[in-house]
Amino acid sequence: MKIQESAENYLETILVLNQRNGMVRSIDIAQELEFSKPSVSVAMKNLRENDCIQVDGDGLIFLTEKGRAIAERVYERHTLFTNLSLIHISEPTRHLRIS
C-alpha cells in the first residue's frame with residue numbers, strides 16, 4: 001500500500017514520542033509538529049482507518065504492526081540522511097584514489 005508522506009511523518013512522530021515519553025496522545029503530536037488539534041484529529045482518524053494506529057479508551061495512541069513497520073522505515077531513512085549530512089569530507093580528500 002502506498003502511504004502519503006504526511007501520514008509517514010505522523011507515524012514517525014508517534015514512534016519518536018513513544019520512545020521519548022512512553023505514551024502518545026493527539027495533543028502530544030500537535031505540540032511536537034506544531035499543528036492544530038483538529039488537523040491531528042483528522043490525520044489520526046485516517047491512520048486508524050488504514051490500520052496504522054489504535055487508540056484506547058484513554059486516548060492513548062499505539063502503532064499497529066503495519067504502522068510500526070512504516071514508522072521505523074521512515075525513521076531509519078531520516079536518521080541515515082541526517083548522519084550522511086553530518087559527514088564532512090575535505091576537498092583534497094575527495095580527489096584521492098584508493099588503489
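These are my notebook entries on a few spots I looked up in this predicted model.

**Ground rules.** I number residues from 1 along each chain as its sequence is written, and my side-chain values use heavy atoms, with hydrogens and water left out. Because the model is predicted, local features need pLDDT of at least 70 and side-chain atom pairs count only at pLDDT 80 or more, while totals for chains, interfaces and linings use all residues.

**T13.** I found T13 in helix α1, residues 5–21 (helices are DSSP runs of H or I, at least four residues, and strands are runs of E, at least two, numbered from the N terminus). T13 counts as buried at 10% relative accessibility (buried is under 20% relative accessible area, exposed over 50%, partly exposed in between, with a 1.4 Å probe and protein chains only).

**Core.** Next I looked up the largest nonpolar core, which has 20 residues (buried Ala, Val, Leu, Ile, Met, Phe, Trp, Tyr and Cys residues joined through side-chain atoms within 4.5 Å). L11, I14, I29, M44, L47 and I53 touch the most other members. Helix α1 gives the most to this core, with six residues.

**Salt bridges.** I counted five (a side-chain nitrogen of Lys or Arg within 4 Å of a carboxyl oxygen of Asp or Glu). Which residues form a network with E8? R73 and R77 are linked with E8. The E8 to R73 bridge is 3.1 Å, N to O, and joins α1 to α4 across 65 residues. The E8 to R77 bridge is 3.3 Å. I noted E8 as buried at 11%, whereas R73 is partly exposed at 44% and R77 is partly exposed at 32%.
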